[in-house]
Amino acid sequence: MESTRTRLIALLEEQADDYISGQQLSDQLHISRTAVWKHMKELEKDGYEIEAVSRKGYRIVSSPDKVSLNTLQWGLKTEWVGKQLIHHRQIDSTQRMGHELAKQHYPHGTVIIADEQLEGKGRMERNWYSPQGEGIWMSFLLRPELPPVHAPQLTLLAAAAVAEVLAETCQVTPQIKWPNDVLIDHKKMAGILTEMQAEHDHIQYVVLGMGINMNQPADSLAEDIHYKATSLLIETGETWSLQFVTQALLEKFEQLYDLYMREGFPPIKSKWEAYGYRIGERVSISTMQEKWEGKLLNIEPDGALNAEGPDGEEKKLYSAEIHWGKGGYYA
Amino acid sequence: MLKVQEIRELIKLIDQSQIEEFAYETNGTKVSMKKQNGKVVTEAPVQTEAPSVPQAANESSHSGQTVKETTAQEEENNQEAPDQGSEAAPAYDKEVTSPMVGTFYQASSPENDPFVQIGDKVKTDSVVCIVEAMKLFNEIEAEVSGEVVEILVEDGELVEYGQPLFRIKSV
């Protein structure tokens, strides 16, 4: 059913502005003309505008901006990311669903997307505000052939993918706060949460979640995060097609993931460094044990943060929070 | 923490063996030994832990051989009596170790209760803690069913690859 629909969309798309007859479609898809007509009605429900002219046939006038299985998979140029795609209008959390699907043996590359998350998950069970249609809320189910010690590099990879898409597709200047918060104009625009189930030498699965603020107007961002969050709409003054940016993200993620599997972390590290935030600057750094002021030096070949420690010595950090601006953001 | 007798035993065994060099690590304790002119010399171990963690050093001399031992943590969770000689080795069947360098979290958030406490029964797929590195959160499972008899690290502590976190006794 779904594949017939996808092929139907592909056929219509090939014709561009020309019409394709119901008979032609019926022949090529091996379905009746009535079935073709039914599919057209379904596509209209998804927001496609389809023109049907007698003796000429059908053509797509405009494709919807609405996010759905059809619009997301239509024209998606990936080999394995999002081939299995789960879309929900409303869900408790795409992360939680990712864990469930992992246990049900869903394949590597499965993507879960929601228009709205009721209990969007941030780090340490903090809420991630994810209202209807205003952002991209999705999780990737991955089954990497990696030793678990390398898995944290996936968080830097995901941040680099988001930053590249924002820079290349959305004409903004993103920065990445180590290891994986994507900022624009010093404010957080995208967050990444990666969770792993692993044994000592084997990763069972990874669920990597992304929350990207897209079309929230300034007054829609929840009060408590207002001062430190932003959206693409706020930064560009334009409303963005979620479907368009989602596809760009899926494609970029696959590209970087494949590159990482082929060549290891060095090319990912270079991409990350192109967006590294406050590297070379003094910031406030805290770990679970202590808090101090120090300079962010660089990132290590394995992705760890190299910074000045409390006594000015070089310190390699795997877990730390970076704060900046006295009394300002993230104070 | 290794007992003096255990270290003596090790030295004896290595002395009698063909082994030139020997290193042993458990629960933040590292012991390394190297033979010089056919004699065992034990070197001071490398301290890998955060500086805020208390340290303890045991020294013992034994027929011209020196032994130095440093522990990364004073085993606060270990109910061992100070008289090390009379104490039997703790009874456990499995050590849950960290699969990566990172921060050890005993609960899913600061407000929540720890995943497990001493005396808790766990199943193979029970989550016992989270180890986080670079914002990747690794839920560690017990991998055996049994009872948690020891928790070897503290909430928020930096753990090394392979470092034992829990001891579990099969039931």
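Visitor: Lys252(A): buried or exposed?

Guide: Lys252(A) is buried, at a relative accessible area of 8%. Buried means under 20% relative accessible area, exposed over 50%, and partly exposed in between (1.4 Å probe, protein chains only). A word on the model: it is predicted, local features need pLDDT of at least 70, side-chain atom pairs count only at pLDDT 80 or more, and totals for chains, interfaces and linings use all residues. Residues are numbered from 1 along each chain as its sequence is written, chains are lettered from A and ligands numbered from 1 in the order in which they are written, and side-chain values use heavy atoms, with hydrogens and water left out.

Visitor: Which residue forms a salt bridge with Lys252(A)?

Guide: Glu168(A) does, with the closest N and O atoms 3.0 Å apart. A salt bridge here is a side-chain nitrogen of Lys or Arg within 4 Å of a carboxyl oxygen of Asp or Glu.

Visitor: How many salt bridges over all chains?

Guide: The whole structure has 21.

Visitor: And how many between chain B and chain A?

Guide: One. The side chains of Glu321(A) and Lys135(B) meet in it, at 3.1 Å, N to O.

Visitor: New topic. What area is buried between chain B and chain A?

Guide: About 2700 Å², with carbon and sulfur atoms giving 59%. Buried area is the accessible area (1.4 Å probe) that two parts lose on being put together, summed over both. Met134(B), Lys135(B) and Phe137(B) supply 32% of the area that chain B buries against chain A, more than any other three residues.

Visitor: How many residues does the contact take?

Guide: The contact takes 29 residues from chain B and 30 from chain A. Contact means heavy atoms within 4.5 Å.

Visitor: Asn138(B): buried or exposed?

Guide: Asn138(B) is buried, at 0% relative accessible area. Asn138(B) touches residues including Met196(A), Gln197(A) and Cys129(B).

Methods
Lists of a residue's contacts leave out its neighbours within four places in sequence.
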